[in-house]
Amino acid sequence: MIVQLADVDLPALVAHIARHSAESGRDGDLIFRPRSSDAPIDELATIERHQVGWAQPLDEPFWLRTWGAVIDGEIRGHIDLHGGRLPSEFHRAMLGMGVERGARGRGVGRALLATAIAWARNAELAWLDLGVFAHNQRARALYAAVGFVEVGVTRDRFRVDGLVIDDVAMVLAL
């Protein structure tokens, strides 16, 4: 079940983000986080960022909306849409998404994307943007399957645990 998250969901969201982040680069998983898997999640900053962003109207800088995939009573995947800082970019949003290993391959990512895309269209946004690590072929294929198009690559964008990572920019016209 995909639900839009609210303040009451923040402890569960933070727990999910911590579990998901710990999977990056471990036990056969690709690195998908732009920080070392050993770097802890700043729980208070995460909570504050979401509380502030969720309270922002869409015509204000740095708004944020988040949905969670609830499986067996726990958030096992999430998707965020972030508004920009300048009024001239308020017609776009940046997308971020994460699905825990145990929930992958079950349509959770596709359901999260469908929910966020439908909401963005209803909010009359014109574009969704995202960045995805070049080596993450599975995520790139999922984004392409729902209509995102690759528009560029930033070489050597990140260096995580000794690995040089290129970042692929993708966009979806709404």
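These legends walk through several close-up views of the structure above.

Everything here comes from a predicted model, in which local features need pLDDT of at least 70, side-chain atom pairs count only at pLDDT 80 or more, and totals for chains, interfaces and linings use all residues. Residues are numbered from 1 along each chain as its sequence is written, and side-chain values use heavy atoms, with hydrogens and water left out.

View 1. Helices (H or I, at least four residues) and strands (E, at least two) are DSSP runs, numbered from the N terminus. The end C-alpha atoms of α1 lie 20 Å apart, which agrees with the 20 Å that its 14 residues should span at 1.5 Å a residue; the expected span is 1.5 Å times one less than the number of residues. Just after α1 comes Gly 25, with a positive phi of about 75 degrees.

**View 2. A closer look at Ser 21.** Ser 21 sits in helix α1 (residues 10-23). Its relative accessibility is 9%, so Ser 21 counts as buried. Setting aside neighbours within four places in sequence, you can find Ser 21 in contact with Arg 33, Ser 37 and Ile 41.

**View 3. Trp 54 and the residues it touches.** Look for Trp 54 in helix α2 (residues 43-55). Trp 54 counts as buried because its relative accessibility is 14%. Not counting residues up to four places away in sequence, Trp 54 touches Leu 5, Ala 6, Asp 7, Leu 10, Leu 13, Leu 64, Arg 65 and Thr 66. Of these, Thr 66 is 12 residues from Trp 54 along the chain, and their C-alpha atoms are separated by 8.0 Å.

**View 4. Helix α3 and its buried face.** Helix α3 (residues 108-122) has 15 residues and reaches 21 Å from first C-alpha to last, close to the 21 Å expected at 1.5 Å a residue. Its buried residues are Val 108, Gly 109, Leu 112, Leu 113, Ala 116, Ile 117, Trp 119 and Ala 120. Seen down the axis of α3, these residues fall within an arc of 160 degrees, so they line one face of the helix; the arc is that of the directions from the helix axis to the C-beta atoms. An α-helix has 3.6 residues a turn, so residues three or four places apart point the same way. After α3 comes Glu 124, whose phi is positive, near 65 degrees.

**View 5. Two aspartates with positive phi.** Asp 72 is not a glycine, yet its phi is positive, about 50 degrees. This residue lies in the loop between β2 and β3, and counts as exposed, at 79% relative accessibility. Asp 156, also a residue other than glycine, has a positive phi near 55 degrees. Asp 156 belongs to strand β6 (residues 149-160) and counts as partly exposed, at 32% relative accessibility.

How values were computed. Buried < 20%, exposed > 50% of the residue type's maximum accessible area, 1.4 Å probe, protein only. Contact = heavy atoms within 4.5 Å.
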